[in-house]
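User: I have a structure open and want to go through it with you. Can we start with the charged pairs?

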Amino acid sequence: MKWIKQYGHTFRYRILGGGWRFFTADPVALSYILSHPDTFPKPELTRQQMETFLGNGVLIAEGADHRRQRKILNPSFSQAAVREMVPMFMDKAYELKDALNTMINDDSIITSPTPAVKEDIIPGTKKIDVMKYLAQATLDVIGLAGFNYDFRSMSLSEGPNELAEAYRNMFQATQAVDTFAIAQAFIKPLRWIVSDVVCLSVV
């Protein structure tokens, strides 16, 4: 936000190793970039790391692979298909609203990993890690829309769902800073060493 205030909504900056990164918060520019993936491919290192974790799916693939996967998926995201999902989206939105209201009124529920700063404390309110609960709602929607399975990750009365917890832990693990992982990103032979060690341990 400091950079946006200083340089505007679009700028470039240096990254580790001396390379450049381009940033924009301009909605028109973002729409253009996302609709022209062949002109604006993902950075190679970013794509390789994401592919290792998520596979070469529609979010990661480039060029002909991406076009083929989009063609297969398009019927699932037609206007008619999305319209059928709207009631499910609404149900989960209301469930999220009810869960947030319950958290505000129940002092026994911990809603943020850090306490509110003194200036933000208002009687009858509570600091809530909203991103955490939005992610849970998103997971529930993905489960219902994609697999007809309700993770119920927003439920406050039930215990944690095993699949939802595994999903959350998997993504938290990828956010940890790992010096060796950074070295692998810039030194290709290190990637091969790790893959060879994994293969040997399996054998």
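User: How many salt bridges does a search of the whole structure find?
Analyst: The search finds seven salt bridges. Keep in mind that this is a predicted model.

User: What does Asp38 pair with, and how far apart are the closest N and O atoms?
Analyst: Asp38 forms a salt bridge with Arg67, and their closest N and O atoms are 2.6 Å apart. Asp38 sits in the loop between helix H2 (27–34) and H3, while Arg67 belongs to helix H4 (residues 63–73), so the pair ties together parts that are 29 residues apart in sequence.

User: How accessible is Arg67?
Analyst: Its relative accessible area is 47%.

User: Is Lys92 buried or exposed?
Analyst: Buried, because its relative accessibility is 4% and the cut-off for buried is under 20%. Asp150, at 25%, counts as partly exposed.

User: What else does Asp150 meet in a salt bridge?
Analyst: Arg152, with an N to O distance of 4.0 Å. Arg152 is partly exposed, at 32% relative accessibility.

User: Which residues are linked with these in a network of salt bridges?
Analyst: The network links Lys92, Glu95, Asp140, Asp150 and Arg152. Asp140 is in H6, where it is buried.

User: Staying on H6, what should its length be, and what is it?
Analyst: H6 covers residues 130–147, which is 18 residues. At 1.5 Å a residue it should span 26 Å, and its end C-alpha atoms are 25 Å apart, so the two agree.

User: What follows H6?
Analyst: Asn148, whose phi is positive, near 55 degrees.

User: Change of topic. Which residues make up the largest nonpolar core?
Analyst: Seven residues: Leu96, Ala99, Met103, Ile128, Tyr133, Ala137 and Met154. The largest share, three residues, comes from H5.

User: Last one. Where is Thr46, and how far is its C-alpha atom from that of Ile60?
Analyst: Thr46 lies in helix H3 (residues 44–54). The C-alpha atoms of Thr46 and Ile60 are separated by 9.4 Å, and the two residues are 14 residues apart along the chain. Thr46 counts as partly exposed, at 28% relative accessibility.

Conventions: Residues are numbered from 1 along each chain as its sequence is written. This is a predicted model: local features need pLDDT of at least 70, side-chain atom pairs count only at pLDDT 80 or more; totals for chains, interfaces and linings use all residues. Side-chain values use heavy atoms; hydrogens and water are left out. Helices (H or I, at least four residues) and strands (E, at least two) are DSSP runs, numbered from the N terminus. Buried means under 20% relative accessible area, exposed over 50%, partly exposed in between (1.4 Å probe, protein chains only). The expected span of a helix is 1.5 Å times one less than its number of residues. A nonpolar core is a set of buried Ala, Val, Leu, Ile, Met, Phe, Trp, Tyr and Cys residues joined through side-chain atoms within 4.5 Å. A salt bridge is a side-chain nitrogen of Lys or Arg within 4 Å of a carboxyl oxygen of Asp or Glu.
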